[in-house]
Amino acid sequence: MSNTITTEWKEKTAIIHVVGDIDLSRSAGLQAVCNAVVKKKPDRVIVDFSEVPYMDSSGVASMVKLLSHTKKTNTPLLLAAMSARVRAVLQITRLDRVFTLKETVEDALS
Amino acid sequence: MPFALEPMTWTCLSDPNLLGEVRRKLAQYASEAGMVEEQADCLVLAADEALTNIIRHAYEGATDQPIDIYIHSDGTELHLTLRDYGQPVPREIIHSRDLDDIRPGGLGVHIMTTCMDSVEFQHPDEGGTKLVMSKRIEAAPLPAEGTL
């Protein structure tokens, strides 16, 4: 699996597709992509975790920073398709109650 | 059932790009020790958080410093030790912070103490920090007779 972070636009919805583990080696890159997306003023931001096998607290921190940006502009942020392992990291840090989680990207889009 | 294994010890560099390889090695060892996947995931996460803290704080981001890793299953518990030779761990890093304060950062120690049964920071006379963690092995149940 090659590690990539790409952004897809469906009208004014930004979908950030992450492929690969999110740890200290990649969290800064993810943050940079998120910052670039926010600057474009989307109506909604979805982060697609369907190809993320692992995430640690540096990845969680990137999501918290993204959330703080989107809250300032009342832009909905949805985290989609997290595996049980990735969701467990949010649960351990009690941040699962702070984010809107969707089972699939399709659910997040509807 | 849990298995006692020979200890595995090696030194890796403080390069974040090497964290994935460390996680795989630890996951493999935990699996061979008989840990169920969910438990092994927790142990790997705790180790990863500790290594991230070492890279960020003990070595202040330097990617060429040594981290000694030791893991051993005695058949009952899995013992994991991480040894760095950098700056002492700041007090605010050692103690978990209030999780109701929603902000990035400072979650690593909370994750470590949640995932592991014991977490102990030691400060050897030679400098640096020795982090000793352990987790009881709850092995997967054996399949019922006649199901294989």
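Me: Which β-α-β unit do E2(A), H1(A) and E3(A) make, a right-handed or a left-handed one?

Reply: E2(A), H1(A) and E3(A) form a right-handed β-α-β unit. Keep in mind that this is a predicted model.

Me: How do I read the pairing of E2 and E3 in chain A?

Reply: Look at the direction, then count the bridges. Strand E2 (residues 13–19) and strand E3 (residues 44–51) of chain A run parallel, joined by 6 bridges. Now find the facing residues. A:Ile15 is opposite A:Ile46 in E3(A). A:Ile16 is opposite A:Val47 in E3(A).

Me: How many bridges link E3(A) to E4?

Reply: There are 4 bridges between E3(A) and strand E4 (residues 77–80) of chain A, and the pairing is parallel. One place to look is A:Val45, whose bridge partner in E4(A) is A:Leu77.

Me: What is the strand order of the sheet in chain A?

Reply: Read it strand by strand across the sheet. The order is E1-E2-E3-E4-E5 in chain A. This open sheet has 5 strands, and its pairing is mixed.

Me: Why is one side of E1 and of E5 in chain A left without a neighbour in the sheet?

Reply: Strand E1 (4–10) and strand E5 (100–102) of chain A stand at the edges. Each has a single partner strand, so one side of each has no neighbour in the sheet.

Me: Is A:Ala28 buried or exposed?

Reply: Check the relative accessible area; over 50% counts as exposed. A:Ala28 has 57%, so A:Ala28 is exposed. A:Ala28 lies in helix H1 (residues 27–39) of chain A. Its C-alpha atom is separated by 8.6 Å from that of A:Ser58, 30 residues apart along the chain.

Me: What about chain B? Which order do the strands of its sheet have?

Reply: The order in chain B is E1-E2-E3-E5-E4. This open sheet of 5 strands has antiparallel pairing. Its edge strands are E1 and strand E4 (118–122) of chain B, each pairing on one side only. The twist from one strand to the next averages 15°. Take one pair up close: E1(B) and E2(B) are antiparallel, with 6 bridges. There, B:Cys12 has B:Ile67 in E2(B) as its bridge partner.

Me: How do I read a helix, such as H1 of chain B?

Reply: Start with a general idea. An α-helix has 3.6 residues a turn, so residues three or four places apart point the same way. Now the case. Helix H1 (residues 19–32) of chain B has 14 residues. From first C-alpha to last it reaches 20 Å, close to the 20 Å expected at 1.5 Å a residue. Just after H1(B), B:Gly34 has a positive phi of about 95°.

Me: Which residues of H1(B) are buried, and what covers them?

Reply: The buried residues are B:Leu19, B:Gly20, B:Val22, B:Arg23, B:Leu26, B:Tyr29 and B:Ala30. Their cover includes strand E1 (8–13), helix H2 (37–58), strand E2 (66–73) and strand E3 (77–84) of chain B.

Me: How do I read the interface between chain A and chain B?

Reply: The size of an interface is often given as the accessible area lost when the parts come together. Here the area buried between chain A and chain B is about 1900 Å², and carbon and sulfur atoms give 63% of it. In chain A, A:Leu24, A:Tyr54 and A:Ile92 lose the most area to chain B, together 30% of what that side buries. Contacts can be counted too: 21 residues of chain A touch 26 residues of chain B.

Methods:
Residues numbered from 1 in each chain as written. Chains lettered and ligands numbered in written order. Predicted model: local features only at pLDDT ≥ 70, side-chain atom pairs only at ≥ 80, totals over all residues. Heavy atoms only, no water. Helix = DSSP H or I, 4+ residues; strand = E, 2+ residues; numbered from the N terminus. Expected span 1.5 Å × (residues − 1). Buried < 20%, exposed > 50% of the residue type's maximum accessible area, 1.4 Å probe, protein only. Contact = heavy atoms within 4.5 Å. Pairing = 2+ DSSP bridges. Right-handed = clockwise from strand over helix to strand, strands pointing away. Buried area = accessible area lost by both parts, 1.4 Å probe. Axes fitted to C-alpha atoms, helices over the stretch in contact; angles between N-to-C directions.
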